[in-house]
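The sequence and the model are shown first.

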Amino acid sequence: MYRSLRALKQGSSEIIFDLHNYEGLEEILFSPVVAVEAKSLARHFPLAWRRVGDKFEFIALLSLSPLVVGSNHLLGPGLTRPLLVEAYPLTVTAVAGEDGQSSVLIDEVPHRPESSGNPVFTASGGFTESAAHRMNALRVFASDRDRTAAYTQALAAEGLLEDWPLRLKIGEDGIEFGGLCVLARAPAQRERLATIVAQHGFPFAELVTFHDLSLFNMQRLVDQHRTGRLAAQAAATQAPAGESA
């Protein structure tokens with residue numbers, strides 16, 4: 001999701017742009033998410049876990065292929081987006097410092113040449129309106145990161161995260177994702193969820209419910225991919241005709 005991160009320095013002359021003006025952002029396949037946003041995202045994207053080494057990361061699956069530009073429909077106005085996408089190009093360090101705070105980072109990524117941006121900071125050193133919106137999304141994400149990690153670790157410790165081999169055939173396209181996991185389905189395994197619910201309470205039970213419900217959005221993701229692929233193919237066949245006209 002990020003290309004070249006560096007620390008955001010207070011009062012610097014950094015410029016940020018509208019999300020649709022960043023090149024390649026609509027091609028991202030997934031975004032890390034936290035439990036607090038599961039309810040809103042479950043209506044739009046499959047929520048799963050991704051293996052990262054010997055750990056797991058809670059994610060929203062946003063697209064099926066970076067080759068079908070626009071197939072995830074992330075950048076339209078008023079759409080529900082993961083907090084990290086809403087905060088882009090700002091993010092936070094993975095590990096908090098001694099003060100318990102995570103440093104804010106900014107991604108140095110190309111933007112469309114014709115676009116005009118806005119400064120991150122005002123002349124007095126505070127955040128501008130556009131930057132404050134991103135920072136608010138970032139703060140919510142950062143504030144719920146530890147709780148989400150605890151939920152994930154509890155599931156992994158109970159052996160309740162199982163591999164989700166995602167292989168799809170859409171037209172001539174073969175799509176395969178590796179490293180994805182979902183909650184185990186076997187009734188005997190699901191019964192062990194009660195132990196974790198007793199430890200973490202109702203919010204954990206909500207996360208499990210939204211994860212299960214979100215998987216019904218896989219068909220929507222496939223349909224979006226198919227529509228985007230057909231549109232890209234149509235544009236490719238029309239281009240030579242336009243050039244010869």
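## Salt bridges in the predicted model

In this predicted model, the salt bridges come to a count of 10. Among them are the pairs R6 with E108, R50 with E57, and R81 with E86, which are described in turn below.

## R6 and E108: a link between distant parts of the chain

The salt bridge between R6 and E108 has its closest N and O atoms 3.0 Å apart. The two residues lie in distant parts of the chain, 102 residues apart, with R6 belonging to strand 1 (residues 5-7) and E108 to the loop that runs between strand 7 (104-107) and strand 8 (118-119).

The relative accessible area of R6 is 30%, so this residue is classed as partly exposed.

## R50 and E57: a partly exposed pair

R50 is bridged to E57, and here the closest N and O atoms are 3.0 Å apart. R50 has a relative accessible area of 23% and therefore counts as partly exposed; E57, whose relative accessibility is 23%, is likewise partly exposed.

## R81 and E86: a buried pair

In the salt bridge that R81 forms with E86, the closest N and O atoms are 2.8 Å apart. Both R81 and E86 are buried, which means that each has under 20% relative accessible area.

Technical notes: Residues numbered from 1 in each chain as written. Predicted model: local features only at pLDDT ≥ 70, side-chain atom pairs only at ≥ 80, totals over all residues. Heavy atoms only, no water. Salt bridge = Lys/Arg side-chain N within 4 Å of Asp/Glu carboxyl O. Helix = DSSP H or I, 4+ residues; strand = E, 2+ residues; numbered from the N terminus. Buried < 20%, exposed > 50% of the residue type's maximum accessible area, 1.4 Å probe, protein only.
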